[in-house]
Number of protein chains: 2
Amino acid sequence: MMGDQVAKILESKNPKFPVGKHVVGDFGWRTHTVSNGNNTFDHIIKKIDHYVFSDFGKLPLSYGVGILGMPGNTAYFGFLEVCKPKAGETVVVSGAAGAVGSIVGQIAKIKGCKVIGIAGSDEKGKWLTEELNFDHFINYKTQNVFKTLKQVAPKGVDCYFDNVGGEISSMILNNMNLYGRISVSGAVSGYNDTSVPKASIVQNPMVFQQLKMEGFVVYRWSDRWSEGIEQNRKWIEEGKLKAQETVTVGFENMFKAFTEMLDGKNTGKAVVKV
Amino acid sequence: MMGDQVAKILESKNPKFPVGKHVVGDFGWRTHTVSNGNNTFDHIIKKIDHYVFSDFGKLPLSYGVGILGMPGNTAYFGFLEVCKPKAGETVVVSGAAGAVGSIVGQIAKIKGCKVIGIAGSDEKGKWLTEELNFDHFINYKTQNVFKTLKQVAPKGVDCYFDNVGGEISSMILNNMNLYGRISVSGAVSGYNDTSVPKASIVQNPMVFQQLKMEGFVVYRWSDRWSEGIEQNRKWIEEGKLKAQETVTVGFENMFKAFTEMLDGKNTGKAVVKV
């Protein structure tokens with residue numbers, strides 16, 4: 001089973017990985033790993049090398065699999081490079097309370113955008129607007145996303161960071177402005193189904209509003225990996241970016257943490273502490 | 001009702017439009033039009049100005065609403081600018097026997113691509129492969145698009161020019177290669193429905209293959225309008241590009257021609273001759 005870890009180096013024959021330092025890698029669901037320093041999934045997709053942590057200062061090591069790791073860089077590159085947001089534009093984020101979405105919305109605020117988050121509970125919504133400074137929140141379980149969006153984004157949507165896919169995304173596309181940009185990070189709405197779910201086709205708004213939609217895997221920006229981490233760390237230190245983790249303790253609880261993440265029960269990055 | 005015309009100038013108070021010359025404009029479903037030379041839909045979208053025909057030589061005037069007009073430029077700019085095809089790549093065109101699709105496929109061949117056309121009758125398919133030099137044809141009414149595509153495009157699809165939307169498009173997206181490009185020109189599959197049709201969500205292939213999808217309206221390239229017309233005319237004169245029209249005679253038959261076009265009964269540009 002895939003899964004990124006922050007691991008302590010216990011033994012080493014590789015001078016690039018000194019004993020006592022911490023390393024981030026896709027070691028999977030294991031307590032101990034023997035690694036040659038290469039990446040497990042190199043044959044599937046070019047991922048970054050395992051890397052030894054730079055000094056996080058007072059920040060927790062777990063940030064290495066969250067805001068200062070893959071999810072943080074997914075938000076940083078996937079939002080900025082694909083959506084190319086401009087100050088004053090309106091940005092919508094679905095899966096807004098998740099590891100990636102909560103960072104995307106905060107980066108959008110840093111860039112001077114109006115930010116609307118979509119998530120599945122009012123508790124998450126309260127956290128997004130009160131703690132993370134989102135301008136609006138839509139609860140897709142209790143509100144009509146299409147109609148509510150018309151009210152909270154009367155000027156239309158310029159950028160959409162899509163974590164979920166499905167009908168919610170179709171409704172948002174139908175509220176977008178000319179030359180709007182859609183960054184597709186995931187389609188969690190379809191992950192629990194055995195067949196691919198159906199939703200209203202996207203081609204009409206794509207044509208009429210001349211939208212641009214792009215899907216991405218964050219490892220596309222492997223060669224700029226440290227840029228994202230350093231910028232996010234700087235924003236955390238300046239108080240502009242807040243990290244959030246749902247920490248589960250105990251290796252034996254990994255399955256529970258994973259299924260709760262898919263069910264949308266967590267806020268921010270799902271971390272298991274062993 | 002909207003509709004482009006090649007009209008002869010009968011009277012004129014505007015020296016830019018001399019009597020006896022021909023002019024192309026969105027005059028709608030009318031036999032005679034009084035125009036100040038500005039465009040009817042300027043308030044909706046910036047369209048090109050009405051323009052007096054340049055010399056088409058031996059080519060028929062009706063090409064001005066087809067291969068040497070809006071449909072020709074839709075193919076030229078919409079395919080080349082959005083898909084950015086490279087020689088050796090595999091290109092799929094849906095609505096391949098239509099006014100735009102039939103030109104897109106031929107331009108793709110000129111650019112050295114392998115071209116697969118999708119349409120709704122074997123007669124159209126025969127025309128595409130035998131007359132227009134398409135490499136393969138898929139009849140979406142009698143063949144499984146997903147499976148047939150696996151056979152005729154074993155290396156996967158790099159560019160998709162989408163005229164139809166709907167399930168066909170979802171199936172093609174699931175056959176695309178890393179960094180594939182999708183140019184969305186229309187969604188004719190949805191035009192006859194009173195509600196927006198549903199189809200398998202596109203977000204999964206968008207993410208996994210890091211695809212880029214862009215919708216467009218051809219008037220985006222208004223400032224380069226004559227470039228497309230001149231290039232297409234050059235290709236026609238060189239024998240690399242063939243025009244096709246389904247001509248209906250008589251103003252009273254416009255409605256019939258229009259509904260048959262929507263039903264997919266025509267090949268190439270639907271023209272009504274008055």
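Guide: Two strands pair if DSSP finds at least two bridges between them. Helices (H or I, at least four residues) and strands (E, at least two) are DSSP runs, numbered from the N terminus. This is a predicted model, where local features need pLDDT of at least 70, side-chain atom pairs count only at pLDDT 80 or more, and totals for chains, interfaces and linings use all residues. Residues are numbered from 1 along each chain as its sequence is written, chains are lettered from A and ligands numbered from 1 in the order in which they are written, and side-chain values use heavy atoms, with hydrogens and water left out.

Visitor: Which residue is the bridge partner of B:V92 in strand 7 of chain B?

Guide: B:Y160 is that partner. Strand 4 (residues 90-94) of chain B runs parallel to strand 7 of chain B, and three bridges link them.

Visitor: In which sense do strand 7 and strand 8 of chain B pair?

Guide: In the parallel sense, over five bridges; strand 8 of chain B covers residues 176-184.

Visitor: How many residues of strand 7 of chain B are buried?

Guide: Buried means under 20% relative accessible area (1.4 Å probe, protein chains only). In strand 7 (residues 157-162) of chain B, six of the six residues are buried, so the strand is largely enclosed by the rest of the structure.

Visitor: How many aromatic pairs are there over all chains?

Guide: Rings of Phe, Tyr and Trp (its six-membered ring) pair if their centres lie within 6.5 Å; planes under 30 degrees apart count as stacked, over 60 as edge-to-face and the rest as tilted. The count over all chains is twelve. B:Y76 and B:F77 have ring centres 4.9 Å apart and planes at 90 degrees, so this pair is edge-to-face. Both B:Y76 and B:F77 are buried. In chain A, one aromatic cluster is formed by A:Y76, A:F77, A:F161, A:F216, A:W221 and A:W235.

Visitor: How many helices and strands has chain A?

Guide: Eight helices and twelve strands. The C-alpha trace of chain A spans about 60 × 40 × 35 Å along its principal axes. Of its 274 residues, 53% count as buried.

Definitions and conventions: Buried < 20%, exposed > 50% of the residue type's maximum accessible area, 1.4 Å probe, protein only.
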